[in-house]
Amino acid sequence: MPALKDPLRVGCVKYLNARPLIRGWPGVVILDHPAALCLQLARGDVDVALVSSFELLRHPIYRIVDDISISSAGPVYSVVVAYTGEISEVDEIEIDPAAETSGNLLRCLLAEAKLTPRFSRTTTSSTASPVGQPDELVLSRARTARLLIGDQAIRFRQQHSDKFRFWDLGEQWAHLIDLPFVYALWLVRPDVIDAKKIAGRLRALRDENLATIDTLIAEEKNFGREFCARYYGKHLRFIFGEKEKEGLRKFQKLCQKYELLPKRDIAFSMV
């Protein structure tokens, strides 16, 4: 395959769900949380990045690497609201500042369910917040909950499943909209010349990693093999086909309905 522009600046979310899309990339990869990567992509600090799908809907200047996403068609496990009691009784939800897509998905789901809790921001992101902090928060204020995403959500569920209930946003979306939900996409800046070559390399890398997923799982140091096999095989999808695109359109319309996005048509530009 032809060589790409060097040095290509690549950014990727630093969560377990992204491993099959970035493992083995032959170059430097900037790993960060979603909100930070969105800013880096907008500033031109990176040329291509795996970032929140909401960033595309908010700033539709980017080209999408076709056929790749991080999606779910049911419970996603790692995007949840941790709470006690009943979700209808929650009067405040703290939202992780790293969450771009998930925070707006939560707003849409709650609005559709006619639930109106207050929203506040956590003081630390999912990349740094100790897993015990939500525990202390919810136990001290029973009507307060917290949105958790990524690896922090996984660890918190594994360590505190006996104390909390979990409102899985992927599961709630599937109940509302019978289509996959798209959390993240590879986006390419409009000034990048080698976009088609980059997209081809990223699709090939995804295919290689999924074909050798057992090897990828065996290399994982932070989570157990059994969980990773279930997470990759049951909870996540790594394609961006027609159903995923339709699901993203439905998300766009809901965000517009609740004034999270301006009302406008967006043409997806694929490479």
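Here is a short chat about a predicted protein model. Residues are numbered from 1 along each chain as its sequence is written, and side-chain values use heavy atoms, with hydrogens and water left out. Local features need pLDDT of at least 70, side-chain atom pairs count only at pLDDT 80 or more, and totals for chains, interfaces and linings use all residues.

Biologist: What pLDDT does the protein chain average?

Modeller: pLDDT is the predictor's confidence in each residue, from 0 to 100. At least 70 is the score of 90% of the residues, while residues 135–140 stay under 50. Where pLDDT is low, the predicted coordinates should not be read in detail. The average for the protein chain is 91.

Biologist: Is Phe166 buried or exposed?

Modeller: Phe166 sits in strand 10, residues 165–168 (strands are DSSP runs of E, at least two residues, numbered from the N terminus). Buried means under 20% relative accessible area, exposed over 50%, and partly exposed in between, with a 1.4 Å probe and protein chains only. Because its relative accessibility is 17%, Phe166 counts as buried.

Biologist: How many disulfides does the structure hold?

Modeller: A disulfide is a pair of cysteine sulfur atoms within 2.5 Å. The sulfur of Cys108 has its closest cysteine sulfur in Cys255, 4.0 Å away, so that is too far for a bond. Cys228 is in no disulfide either, as the nearest cysteine sulfur, that of Cys12, is 16 Å away. The number of disulfides is 0.

Biologist: What is the relative accessible area of Cys228?

Modeller: Cys228 is buried in this model. Its relative accessible area is 0%.

Technical notes
Contact = heavy atoms within 4.5 Å. Helix = DSSP H or I, 4+ residues; strand = E, 2+ residues; numbered from the N terminus.
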